[in-house]
Amino acid sequence: MTSRNQQLFELSQKYIPGGVNSPVRAFKSVGGTPIFFKRGKGAYVWDVDDKSYVDYVGSWGPLILGHAHPDVIKAVQTVAENGLTFGAPTEAELEIAELICQLIPSIEQVRLVSSGTEAGMSAIRLARGYTGRSRIVKFEGCYHGHDDALLVKAGSGALTFGSPSSAGVPAETVSHTIVLDYNDVSGLEKAFAEFGDEIAAVIVEPVAGNMNLVTPTPGFLSTLRALCTQHGTVLILDEVMTGFRVGLECAQGLYNIKPDLTTLGKVIGGGMPMAAFGGRRDIMQCLAPLGPVYQAGTLSGNPVAVAAGLATLKQIQKAGFYENLGEKTKRLTDGLTAVANKHGIVFSAQAVGGMFGLYFRKTIPISFTEVMECDKEAFNRFFHAMLNEGFYFAPSAFEAGFVSSAHSGADIDRTLVAAEKIFSAWQGLN
Ligand SMILES: *Cc1c(COP(=O)(O)O)cnc(C)c1O
């Protein structure tokens, strides 16, 4: 008998391309059938066949409080009863804007949007409008949403102009985008020496979370900041994933780097579609209606999304929130490393706040090239074996993982027990 899950996936493929509404959900990287979920509570999710899992995906980052946190759900319900959208200003938007500006000192003004993609493309347009320049810089392996200008991969040659990484993106659209290697300070210096005064913006994930997890090496972000300042280039930190995930001060506080613009998403919407971009007042004031850079959204600052965000931001300001989250995440990565190494498996792992990276590689990678050296087949075996034991990790070797405040020490310990079982039988799994 086929499971309900299997039936749903087969039918979904008839009406939805690939059966999914975002490609990584399709399990193409790990193989097998994507899991259809029907419920989540705290650290747990249940699939349509009633199997439960400890969830280390957390909807790819937003669910820092776990699923269905009572205060978030209550806030959403209360606000929804008074109307879902007005397309006009509300008091709650002021409240969350003020809070974001208080918590992130580099942000003097902020505008709300509905997705990280929108935040990234709006920040790029704003930087180009502000500087009157066209060129932008991004780093291989960083993801900033699916805006055309950013769907670009490195071409050949040391200093590369990107080529589109998706069909449907005209080469001219990415011809202004320079693609550099993450953590490569000399590449950065070369690019600025050649094009510095033509570069409108550099966009970077201060901790890269879309090529598994790669942390900035000492000097990378500070050099970037110095070069941008020297050349009048707008530095955009994409904190859509890291914002309120690696700490209350975000990655910019953790690494002590002050961007000109920041993009936010995921955690600030508490599970609802909300994102934001903000930063220096003189730059933000170039936006319509004050300035010439156009940007708009029918559902921007949606009351229900703002309510979920505010309720989430309230919880994460509690004393000890990030210490606790960070300790649990480190307990997971240290524990997995110990268990794997005990059984002679080539493995490393690291945590930054509530996000983590697992690598089937001897040492922690610091570049896209090194991430690509991870043993993908080993990850896929680990993924499916853990899934079978009731632990849901990201269905790709090249994604970061997430722990929420709802995960207990016991949840982490149970995960390590399952890993011990799997790694002790690892040779036999071949
Ligand atoms: C998820 C993510 C985005 C895109 O956000 P969406 O809401 O999926 O459009 C952009 N940048 C980073 C760093 C992300 O992790």
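Mentor: Start with secondary structure: helices (H or I, at least four residues) and strands (E, at least two) are DSSP runs, numbered from the N terminus. Here the chain has 14 helices and 17 strands. Mind that this is a predicted model, where local features need pLDDT of at least 70, side-chain atom pairs count only at pLDDT 80 or more, and totals for chains, interfaces and linings use all residues. Residues are numbered from 1 along each chain as its sequence is written, and side-chain values use heavy atoms, with hydrogens and water left out.

Trainee: How much of the chain counts as buried?

Mentor: Buried means under 20% relative accessible area (1.4 Å probe, protein chains only). Of the 430 residues, 55% qualify.

Trainee: Which residues surround the ligand?

Mentor: A residue is near a molecule if one of its heavy atoms lies within 4 Å of it. The ligand's surroundings are S115, G116, T117, Y143, H144, G145, E205, N210, D238, V240, M241 and K266.

Trainee: And which polar side-chain atoms lie by an oxygen atom of the ligand?

Mentor: For a polar contact, look for a pair of N or O atoms within 3.5 Å. A polar side-chain atom of K266 sits 2.6 Å from a ligand oxygen, and one of N210 sits 3.1 Å from a ligand oxygen. T117 also takes part, with a side-chain N or O atom 2.7 Å from an oxygen of the ligand. As for cover, accessible areas come from the Shrake-Rupley method with a 1.4 Å probe; the protein covers 81% of the 380 Å² that the ligand has on its own.

Technical notes. A polar contact is a pair of N or O atoms within 3.5 Å; within protein, one must be able to donate a hydrogen and the other to accept it, and residues adjacent in sequence count only if both atoms are side-chain atoms. Buried means under 20% relative accessible area, exposed over 50%, partly exposed in between (1.4 Å probe, protein chains only).
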